[in-house]
Structures are given as structure tokens and as C-alpha cells.
Amino acid sequence: FNPIKNLSFAGDRLVECYFSILGVYFEPYYSRAGVMTMKVTVLYSFMDDIYDVYGTSEESQLLTDAIQRFGKISYQHTCYALPWLN
């Protein structure tokens with residue numbers, strides 16, 4: 001598996017996400033928020049592209065189900081783990 005050859009869109013997405021987030025968090029004071037938001041956006045964008053390009057129908061359905069289950073579980077654990085929210 002050669003990621004540079006197989007994921008050729010990755011470099012373009014990284015630059016695209018950087019400039020789109022830079023339009024929101026352009027002041028140096030918000031640089032940490034911009035970096036965190038860019039990392040999440042890039043991760044989401046890569047996952048979406050890989051999901052669309054390389055996933056078969058069965059694999060895509062399994063991944064969708066797993067993500068939906070994870071979202072429900074992590075939300076419930078987060079609510080009970082933070083005492084100031086109760």
C-alpha cells in the first residue's frame with residue numbers, strides 16, 4: 001500500500017481545509033482553535049473520500065453502522081462522566 005500513490009487527493013484536501021479554516025480563524029489569538037478545527041476537518045474529509053472511493057457497499061454499510069453505534073455510546077458515556085452536566 002503506497003499512500004502517496006493511492007491517496008493522491010490527500011495533499012489537495014489538506015491545503016483546501018487549511019485555507020477554509022484560515023478564513024474563519026484568521027487572528028493569531030485563535031491559532032490553536034484553527035489548528036484543532038483543521039485537523040478534525042481533514043480527518044473527516046479523508047474518511048469521507050476513502051469511504052466514497054474505496055469502500056464496497058457492504059463495507060460502507062458496516063462502517064456506517066459502527067459509527068452510528070459509537071456516536072450513541074460515546075454521547076451517553078460523556079453525559080454520565082461529566083458531573084457538572086447532571
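Residues are numbered from 1 along each chain as its sequence is written. Because the model is predicted, local features need pLDDT of at least 70, side-chain atom pairs count only at pLDDT 80 or more, and totals for chains, interfaces and linings use all residues, while side-chain values use heavy atoms, with hydrogens and water left out.

The average pLDDT (the predictor's confidence in each residue, from 0 to 100) is 77 for the protein, and 77% of the residues score at least 70. Among helices (DSSP runs of H or I, at least four residues, numbered from the N terminus), α1 (residues 3–6) has the lowest confidence in the protein, with a mean of 67, whereas α3 has the highest, at 85.

Helix α3 spans residues 31–54 and includes Asp49. With a relative accessible area of 10%, Asp49 is buried (buried means under 20% relative accessible area, exposed over 50%, and partly exposed in between, with a 1.4 Å probe and protein chains only). When its neighbours within four places in sequence are set aside, Asp49 has contacts (heavy atoms within 4.5 Å) with Phe9 and Arg13.

Turning to the surface, a nonpolar patch is formed by Leu14, Val15, Tyr18, Phe19, Leu22 and Phe26, which together have about 590 Å² of accessible area. Patches consist of residues with over 30% relative accessible area and no salt bridge, nonpolar side chains (Val, Leu, Ile, Met, Phe, Trp, Tyr) being joined within 5 Å and like charges within 9 Å. A salt bridge here is a side-chain nitrogen of Lys or Arg within 4 Å of a carboxyl oxygen of Asp or Glu, and accessible areas come from the Shrake-Rupley method with a 1.4 Å probe, with only the protein chains shown counting as cover for residues. Leu14, a member of this patch, sits in helix α2 (residues 10–22) and is partly exposed at 40% relative accessibility.

Three aromatic pairs are present in the structure (rings of Phe, Tyr and Trp, the last by its six-membered ring, with centres within 6.5 Å; planes under 30 degrees apart are stacked, over 60 edge-to-face, and the rest tilted). Tyr18 and Phe19 make an edge-to-face pair, 5.3 Å centre to centre with 70° between the planes. Of these two patch members, Tyr18 is partly exposed at 40% and Phe19 is exposed at 52%. Tyr29 and Tyr30 are likewise edge-to-face, at 5.0 Å centre to centre and 85° between the planes. Tyr29 is exposed, with a relative accessible area of 70%, whereas Tyr30 is partly exposed at 40%. Ring pairs also bring in Tyr25, which forms a cluster with Tyr29 and Tyr30.

Methods:
Helices (H or I, at least four residues) and strands (E, at least two) are DSSP runs, numbered from the N terminus.
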